[in-house]
Amino acid sequence: MASPSPHAPSYASVLREPHVLRTFAPALVARFSYGIVFVSLAVALTQATGSYAWAGGALALFGATTAFLAPLRARLIDRRGPRRVLPTMAAVYALLLAALTAATWQAGAPRWLLMLLTGTAGACAPPLGPVMRAAWSTLLPDPALRRRAFSLDTVAEELLYVSGPLAAGVFIAVGHPAIGVGVSAGLLLSGTLVMVGSPAMCAPDPGIAAGARPTGVSRGWWKGLRGNALLEAVVVTAGVGMCLGALSLLLVAFSERQKEPAAVAWLEAALAVGSAVGGLAYGARAWRVPGRIRLPLLALALGLVLSVAGISPNPWVLALVVCAAGACVAPALTTAYLVADECADTSSRTRAGTWVNSAFNAGASGGTALAGLTVDLLPLWCCFVIATLPAALSGVAVLARTPLPRPQLVRRREPVVLHDEAEGKSRSGVGRAEHDARGASEGAGSV
């Protein structure tokens, strides 16, 4: 399934390519904002409103507008270009976060105002991850380098979402939760402005510049999902998101029933470590099996590993199981983004990646809700099994409808002797036969 490649590019070679660090580093700074803002905003809204219900409603509105309007924002970026759209979008988003910082600094702000600011901020949140993944195709035309870059991008994003809540906790402990909201605004605005100044962002998209007629996913904000591999990637990613969203709540329940509530932090860390190691190892391999098959296999493996997590006798055993399951998370997301990138044309890469990103976020929210409904009604081991079903079933469903690649057989051709009557000479067709056979062989080995 995989083959080591002694000449495969390293992660360092990815970062040494022209304009990569100039684009990737500020993008990570801006994306770090999303790792900090959720926890900071949750605590700040709770303190400002004095109500968990109002704070939860505002956060749900923030998440809903962020996820469900993301394809529309991505379509605008694909049509106008990131350099024209992202600065305005980032400025409006940062301004709304700054307003939330001021409004939550002290209790007493009108609740309707907090809801309005939070929902509007989510609607304006720039899709920085999809924009960066679309930029990789411009920065790295070499497919081997691009596969490495997508793995590196996914692992870095995982680590940002692990370290972000820790940073928010520091702001809450030493100052005020609203500080984290304000810092998030500054990180996103500064990182975005530096990122769009990169030559990779300044270069016009060849598809847009030439006035190419959009195809595939770009035919509409949702119509492009039908009938291609992107739909499969979205379905499987949503299943993986549901599995992981449910897992987060189940880890809390497991820790509390084991009388070790602090163990949930170690369990989440084990998941992140497994995902990071798995993602880096996955990107270092040259895969011969197409991504459309690798993705459902990874989702199925994730579900199978986590299905036995509920019978773990203690948190230490569960940490090992979760770490093993995490080794499938970053590879699955990397593959989904690669499939989306391959499905898209030059005028729709941001939108294709956004569909995958939105599917994961929506799936995670649904999985958390599913776990909340079952955790008090069923044995915990049964809840773990139910949580793995979306990932496993989506993988099986996609595998069942995906045709397996068939190796092409190369037939030897007998030498054909052609007689040139004009010159009285004989010419052999062996050279052409060898050329055709070589071409067929190379086509059979391509990914």
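A cavity is a set of points, on a 1 Å grid over the protein atoms alone, where a 1.4 Å probe fits but cannot get out; its lining residues have an atom within 4 Å of a point. Grid points are joined across faces, edges and corners, and a volume is the space filled by probe spheres set on the points. This is a predicted model: local features need pLDDT of at least 70, side-chain atom pairs count only at pLDDT 80 or more, and totals for chains, interfaces and linings use all residues. Residues are numbered from 1 along each chain as its sequence is written, and side-chain values use heavy atoms, with hydrogens and water left out.

**Stop 1: the largest cavity**

The structure holds three cavities of 30 Å³ or more. The largest has a volume of about 60 Å³. Select P130, R133, A134, F150, Y337, A340, D341, R349, A352 and G353; these residues line it. Now colour helix 7 (128-139), helix 16 (329-343) and helix 17 (349-374), the elements that give two or more residues to this lining. Helices here are DSSP runs (H or I, at least four residues), as are strands (E, at least two), numbered from the N terminus. The lining of the largest cavity divides into six nonpolar, one polar and three charged residues. Ala, Val, Leu, Ile, Met, Phe, Trp, Tyr, Cys and Pro count as nonpolar, Asp, Glu, Lys and Arg as charged, and the others, Gly among them, as polar.

**Stop 2: the second largest cavity**

Select A229, E232, A233, V236, R292, L295, P296, V339 and V398. They line a space of about 40 Å³. Helix 12 has the largest share, with four. By class, this lining has seven nonpolar, no polar and two charged residues.

**Stop 3: the core**

Which residues touch the most other members of the largest nonpolar core? Select Y93, L97, W136, L139, L140, L250 and L302, out of 105 residues in that core. Helix 12 gives the most to this core, with 14 residues. A nonpolar core is a set of buried Ala, Val, Leu, Ile, Met, Phe, Trp, Tyr and Cys residues joined through side-chain atoms within 4.5 Å. Buried means under 20% relative accessible area (1.4 Å probe, protein chains only).

Centre on L97. Leaving aside neighbours within four places in sequence, L97 is in contact (heavy atoms within 4.5 Å) with V37, A121, V181, S184 and A185.

**Last stop: the whole chain**

Zoom out. The protein has 19 helices and four strands. Of its 447 residues, 48% count as buried.

Methods:
On a 1 Å grid over the protein atoms alone, a cavity is a set of points where a 1.4 Å probe fits but cannot get out, and a pocket is an open set with protein on both sides within 12 Å along at least five of seven lines; lining residues have an atom within 4 Å of a point. Buried means under 20% relative accessible area, exposed over 50%, partly exposed in between (1.4 Å probe, protein chains only).
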